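Visitor: Could you guide me through this structure, please?
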Amino acid sequence: MAKQFMLTEERLQEIKDELEYLKTVREKEVAEQIKEARSFGDLSENSEYDEAKNEQGKLYSRIAELENVLANAVILDEDSITTQSVSMGTRVTVVEEGDDEPWEIYIVGSQEANPVQDRISDESPLGKALYGHSVGDEVIVEAPDGNIKYKIIAIAR
């Protein structure tokens with residue numbers, strides 16, 4: 001069975017938009033690069049041609065990746081999200097042991113993860129550790145520098 005990708009409606013639309021751009025605008029740009037590089041002559045020693053073909057390979061790989069995500073997308077029903085325990089789509093406020101500063105994170109699918117924006121994948125070590133736990137629970141996350149203990153202080157939608 002193919003891996004399913006949990007997505008919000010917003011992320012689904014972003015993926016559709018990117019795919020449309022790649023298939024229309026970007027594909028024509030790369031085809032033009034290849035055509036121009038061919039005009040330079042001998043293809044065996046033509047670095048512009050090699051670079052354009054590599055770019056085409058990357059483009060088709062990205063298109064295939066996005067099509068796979070869309071084919072296996074499961075849209076997150078935000079109305080079904082409860083605040084009883086940490087799950088996909090919840091905003092979780094935690095405090096690291098020894099720190100007084102709360103940290104609010106948003107549990108998302110792997111396609112939406114962005115740690116800089118505090119959007120943590122449910123497949124990450126922190127996401128896995130928090131998943132299914134409730135307010136007041138303490139969880140331990142295995143990190144390269146050692147274990148980190150967090151206490152869940154709030155769960156919201």
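Guide: Helices (H or I, at least four residues) and strands (E, at least two) are DSSP runs, numbered from the N terminus. This is a predicted model, in which local features need pLDDT of at least 70, side-chain atom pairs count only at pLDDT 80 or more, and totals for chains, interfaces and linings use all residues. Residues are numbered from 1 along each chain as its sequence is written, and side-chain values use heavy atoms, with hydrogens and water left out.

Visitor: Where is glutamate 9 found?
Guide: Glutamate 9 belongs to helix H1, which covers residues 9–38.

Visitor: Is glutamate 9 buried or exposed?
Guide: Glutamate 9 is exposed, because its relative accessible area is 52%. Buried means under 20%, exposed over 50%, and partly exposed in between (1.4 Å probe, protein chains only).

Visitor: Now the strands: which sense do E3 and E7 pair in?
Guide: Strand E3 (residues 91–96) pairs with strand E7 (residues 146–156) in the antiparallel sense, over six bridges. Two strands pair if DSSP finds at least two bridges between them. Arginine 91 stands opposite alanine 156 in E7.

Visitor: And how many bridges join E6 and E7?
Guide: Six bridges join E6 (residues 138–143) to E7, again antiparallel. Valine 141 has isoleucine 148 in E7 as its bridge partner.

Visitor: What do E6 and E7 form?
Guide: They form a hairpin, with two residues between the strands.
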